[in-house]
Amino acid sequence: MLPLSQILERETLLVSRFVALLTDEQNALSTAKPESLPAIHAEKSALIEQLNALEAQRNSLISGNPALPEKERMAAWLAQHPSEVKIAAQWTALMASALSAKRLNELNAKLVAIHLERTTQALAILTRRAEENTFYGSNGQTSQYTGSRIVDSA
């Protein structure tokens with residue numbers, strides 16, 4: 001198992017890459033170019049798996065009460081090891097990067113919601129138009145023709 005300092009260093013690098021991917025995702029969403037989103041999603045998923053593995057290693061090294069939130073367990077570990085100044089700085093940097101990732105992810109979720117809303121509105125308009133252009137023939141079946149030569153020939 002890697003030492004705690006190396007784990008935190010790797011986590012920070014991966015979170016920084018994750019932030020870059022979220023920025024790419026935001027650009028794709030802002031410019032309405034969704035063709036790049038599947039590749040971004042695949043890379044984000046791979047990063048999440050790596051981050052989860054490193055988090056598990058870190059948590060096993062710091063141990064502590066598993067009922068406590070991760071930040072509190074790390075704070076307790078740092079309090080028990082005041083000489084670990086480098087690890088404290090790495091933890092602070094990791095938390096700052098994670099906060100940036102969280103904010104970008106929330107903004108991207110809002111952009112997705114806006115696109116979804118617009119798509120829903122467009123579908124509603126198109127569906128309504130299709131319904132409005134449907135006429136019923138003398139046999140009770142739907143028909144694109146009204147039976148009026150003037151309207152049907154226009």
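Visitor: In which hand does α1 pass α2?

Guide: This is a predicted model. In it, the axes of α1 and α2 come within 9 Å. As α1 passes α2, the crossing is left-handed.

Visitor: How are α1 and α2 oriented to each other, given that their axes cross at roughly 155°?

Guide: Start with the angle: the axes cross at roughly 155°. Angles over 145 degrees count as roughly antiparallel. That makes the orientation of α1 to α2 roughly antiparallel.

Visitor: How many charged residues are in the contact of α1 with α2?

Guide: Sort the contact by class. It has 18 nonpolar residues and two polar ones. The charged residues number nine.

Visitor: What is the orientation of α2 and α3 to each other?

Guide: Their axes are 10 Å apart. They pack at an angle of about 45°. Angles under 35 degrees would count as roughly parallel, and 65 to 115 as roughly perpendicular. The pair α2 and α3 is therefore oblique.

Visitor: And which hand does the crossing of α2 and α3 have?

Guide: The angle in question is about 45°. The crossing of α2 and α3 is left-handed.

Visitor: Which helix gives the largest share of the lining of the largest pocket?

Guide: Four helices each supply at least two residues of this lining: α1 (4-30), α2 (37-62), α3 (70-80) and α4 (85-132). The largest share is six residues. That share comes from α4.

Visitor: How many residues line the largest pocket, and what is its volume?

Guide: V15, L51, E55, L94 and A98 lie nearest the centre of the pocket. The lining has 16 residues in total. The volume is about 390 Å³.

Visitor: Is M95 buried or partly exposed?

Guide: M95 is found in helix α4. Its relative accessibility is 25%. Buried means under 20%, and exposed means over 50%. M95 therefore counts as partly exposed.

Visitor: How far apart in space are M95 and K71?

Guide: In sequence, M95 and K71 are 24 residues apart. In space, C-alpha to C-alpha, the distance is 9.0 Å.

Visitor: What pattern does the protein follow along the sequence?

Guide: Count the elements before ordering them. The protein has five helices and two strands. Read along the sequence, the pattern is α-α-α-α-β-β-α.

Visitor: What percentage of the residues count as buried?

Guide: The protein has 154 residues. A residue is buried at under 20% relative accessible area. The buried share is 25%.

Technical notes. Residues are numbered from 1 along each chain as its sequence is written. This is a predicted model: local features need pLDDT of at least 70, side-chain atom pairs count only at pLDDT 80 or more; totals for chains, interfaces and linings use all residues. Side-chain values use heavy atoms; hydrogens and water are left out. On a 1 Å grid over the protein atoms alone, a cavity is a set of points where a 1.4 Å probe fits but cannot get out, and a pocket is an open set with protein on both sides within 12 Å along at least five of seven lines; lining residues have an atom within 4 Å of a point. Grid points are joined across faces, edges and corners, and a volume is the space filled by probe spheres set on the points. Axes are lines fitted to C-alpha atoms, for helices over the stretch in contact, and angles run from 0 to 180 degrees between N-to-C directions. A crossing is left-handed if the near helix is turned anticlockwise from the far one by less than a right angle, and right-handed if clockwise. Ala, Val, Leu, Ile, Met, Phe, Trp, Tyr, Cys and Pro count as nonpolar, Asp, Glu, Lys and Arg as charged, and the others, Gly among them, as polar. Buried means under 20% relative accessible area, exposed over 50%, partly exposed in between (1.4 Å probe, protein chains only).
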